[in-house]
Amino acid sequence: QVQLVESGGGLVQTGGSLRLSCAASRRTFSVYSTGWFRQAPGKEREFVARISWTSGSTYYADSVKGRFTISRDNAKNTVYLQMNSLTPEDTAIYYCATTSHRSAVSPTNYSYWGQGTQVTVSS
């Protein structure tokens with residue numbers, strides 16, 4: 001079983017930055033990518049970004065493109081999400097998750113999830 005633990009959330013002002021971390025207990029060959037999702041109160045969970053463990057290729061939601069950067073450290077089994085130019089609309093619980101799908105953006109295609117870390121952006 002893959003266990004994921006998110007960290008790095010907190011409270012920042014509009015325009016500020018945060019760096020989230022997602023540490024995995026282990027990674028199997030079937031895990032192709034790790035993604036970040038977020039969920040605000042009363043809203044559905046939405047895709048933020050993903051990264052391939054093998055190629056390092058990345059994909060971002062339009063809402064965060066140019067502001068967020070996803071990266072990974074294979075040796076540490078850790079994925080990061082650098083978030084810049086934050087706005088109140090970015091306020092949500094952020095989750096990392098793993099998928100065996102090659103081009104997954106739907107949360108239904110992700111098998112393992114962390115417990116989430118709260119990101120709050122004040123105006």
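Q: A disulfide is a pair of cysteine sulfur atoms within 2.5 Å; how many does a search of the whole structure find?
A: The search finds 1 disulfide. The model is predicted, so local features need pLDDT of at least 70 and side-chain atom pairs count only at pLDDT 80 or more, while totals for chains, interfaces and linings use all residues. Residues are numbered from 1 along each chain as its sequence is written, and side-chain values use heavy atoms, with hydrogens and water left out.

Q: What makes the link between C22 and C96 a disulfide?
A: The S to S distance of C22 and C96 is 2.0 Å, which is within 2.5 Å, so the pair meets the definition.

Q: Why is the disulfide of C22 and C96 called right-handed?
A: The torsion about its S-S bond is about 70°, so the disulfide is right-handed. C22 lies in strand β3 and C96 in strand β9 (residues 92-99), so the pair ties together parts that are 74 residues apart in sequence. A strand here is a DSSP run (E, at least two residues), numbered from the N terminus.

Q: Why do C22 and C96 count as buried?
A: Buried means under 20% relative accessible area, exposed over 50%, and partly exposed in between (1.4 Å probe, protein chains only). C22 has 2% relative accessibility, so C22 counts as buried. C96 has 0%, so C96 counts as buried too.

Q: Why do β1 and β7 stand at the edges of their sheet?
A: The open sheet of 4 strands has the order β1-β3-β8-β7, with antiparallel pairing. β1 (4-7) and β7 (68-73) each have a single partner strand, so one side of each is left without a neighbour in the sheet.

Q: N77 and S85 each have a positive phi; where are they, and is each buried, exposed or partly exposed?
A: N77, with phi near 55°, is placed in the loop between β7 and β8. Its relative accessible area is 16%, so N77 is buried. S85, with phi near 50°, is found in the loop between β8 and β9. At 42% relative accessibility, S85 falls between the two cut-offs and therefore counts as partly exposed. Both are residues other than glycine.

Notes: Pairing = 2+ DSSP bridges.
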